[in-house]
Amino acid sequence: MGKATAFSLGLTGGIGSGKTTVANMFADLGASLVDTDLIAHQLSSPGGIAVPEISRQFGPEFILPDGAMDRSKMRERVFNHPVEKAKLEAILHPLIRSETEKAGAEATGPYTIFVVPLLVESGSWKTRVSRVLVVDCSEQTQIRRVMARSGLTEPQVQAIMNAQANREKRLQAADDVVSNEGDIMQITTQVRLLHAKYIDLAESAKTNLIQRL
Ligand code: ADP
């Protein structure tokens with residue numbers, strides 16, 4: 001059993017901003033990572049705890065022989081059908097919440113980073129973490145990186161970005177920012193400085209907690 005840390009971060013940023021790259025750097029320095037996308041994905045993977053309820057509410061035809069949710073079929077079902085989409089989210093969201101909380105409680109690092117791609121969009125996350133860290137770059141850089149990584153076209157990447165909060169809105173929600181416009185060295189330096197600051201903040205959060213007991 002690990003110890004829940006009194007100090008936690010929500011790390012967010014637009015698609016291709018460099019969230020994964022930056023999160024992994026913090027993990028290399030010793031921070032605990034909780035990847036909410038991964039947890040969400042596992043819920044509807046083979047053996048995932050959301051699968052029985054998805055089968056009950058949508059029908060067993062939405063479950064593949066290996067026990068995973070049929071993602072492409074579900075995507076078709078919820079696309080342009082807000083009621084169906086809300087039904088799926090009502091199954092998934094509480095489970096994402098409880099599973100991420102469980103992972104946070106089991107984390108053993110000096111502080112925990114929750115990687116939440118849609119933190120700014122989803123509202124409640126901001127109140128569940130001590131600070132929000134935004135990984136930021138220009139929209140042109142996002143488009144270039146995602147095109148290189150995925151082979152999507154520029155309009156396809158733009159469409160994904162249009163469904164996310166814009167750069168300004170995200171920066172407004174930030175307590176700290178990693179600027180990821182330049183090369184990897186530049187973010188390494190920023191991450192080292194922030195990590196030292198988070199260690200300090202985690203220490204004082206712990207001291208405050210003990211003093212209040
Ligand atoms: P996100 O998780 O926000 O979608 P990633 O960390 O996966 O972003 O980064 C998107 C892509 O851009 C990846 O292929 C990654 O290796 C690359 N990348 C990220 N930051 C940089 C950088 N500073 N210089 C060069 N490539 C980068």
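I began with α8 and α9, whose crossing is right-handed. This is a predicted model, so I keep that in mind throughout. α8 covers residues 139-150, and α9 covers residues 154-162. Their axes come within 10 Å and cross at roughly 120 degrees. I therefore wrote the pair down as oblique to each other. Next I listed who touches whom. From α8 I noted E139, Q142, I143, V146 and M147. From α9 I noted E154, V157, Q158 and M161. Sorted by class, the contact of α8 with α9 holds five nonpolar, two polar and two charged residues.

A reminder to myself: two packed helices are described by the angle between their axes and the distance between the axes.

I then turned to α5, which spans residues 82-106. How does α2 cross α5, left-handed or right-handed? I found a right-handed crossing. α2 is residues 36-43, and its axis comes within 10 Å of the axis of α5. The crossing angle is roughly 125 degrees. That makes α2 oblique to α5. On the α2 side I found T36, I39, A40 and L43. They meet L92, L95, I96, E99, T100 and A103 in α5. In this contact of α2 with α5, seven residues are nonpolar, two are polar and one is charged.

α5 has another entry in my notes, with α4 (residues 71-78). Here the axes lie 7 Å apart, at an angle of about 130 degrees. α4 and α5 are therefore oblique to each other. Which residues meet? I wrote down M74, R77 and V78 from α4. Facing them in α5 are E84, K85 and L88. The classes split into three nonpolar and three charged residues, with no polar ones.

Last, I looked up the domains. Domain 1 is made of 1-31 + 112-213, and domain 2 is 36-108. For contacts, I counted 11 residues of domain 1 against 10 residues of domain 2.

I also wanted a number for the interface. Its size is often given as the accessible area lost when the parts come together. Between domain 1 and domain 2, about 880 Å² is buried. Carbon and sulfur atoms give 53% of that area.

Note on methods. Residues are numbered from 1 along each chain as its sequence is written. This is a predicted model: local features need pLDDT of at least 70, side-chain atom pairs count only at pLDDT 80 or more; totals for chains, interfaces and linings use all residues. Side-chain values use heavy atoms; hydrogens and water are left out. Axes are lines fitted to C-alpha atoms, for helices over the stretch in contact, and angles run from 0 to 180 degrees between N-to-C directions. Helices (H or I, at least four residues) and strands (E, at least two) are DSSP runs, numbered from the N terminus. Angles under 35 degrees count as roughly parallel, over 145 as roughly antiparallel, 65 to 115 as roughly perpendicular and the rest as oblique. A crossing is left-handed if the near helix is turned anticlockwise from the far one by less than a right angle, and right-handed if clockwise. Contact means heavy atoms within 4.5 Å. Ala, Val, Leu, Ile, Met, Phe, Trp, Tyr, Cys and Pro count as nonpolar, Asp, Glu, Lys and Arg as charged, and the others, Gly among them, as polar. Domain bounds come from an automatic or database domain assignment. Buried area is the accessible area (1.4 Å probe) that two parts lose on being put together, summed over both.
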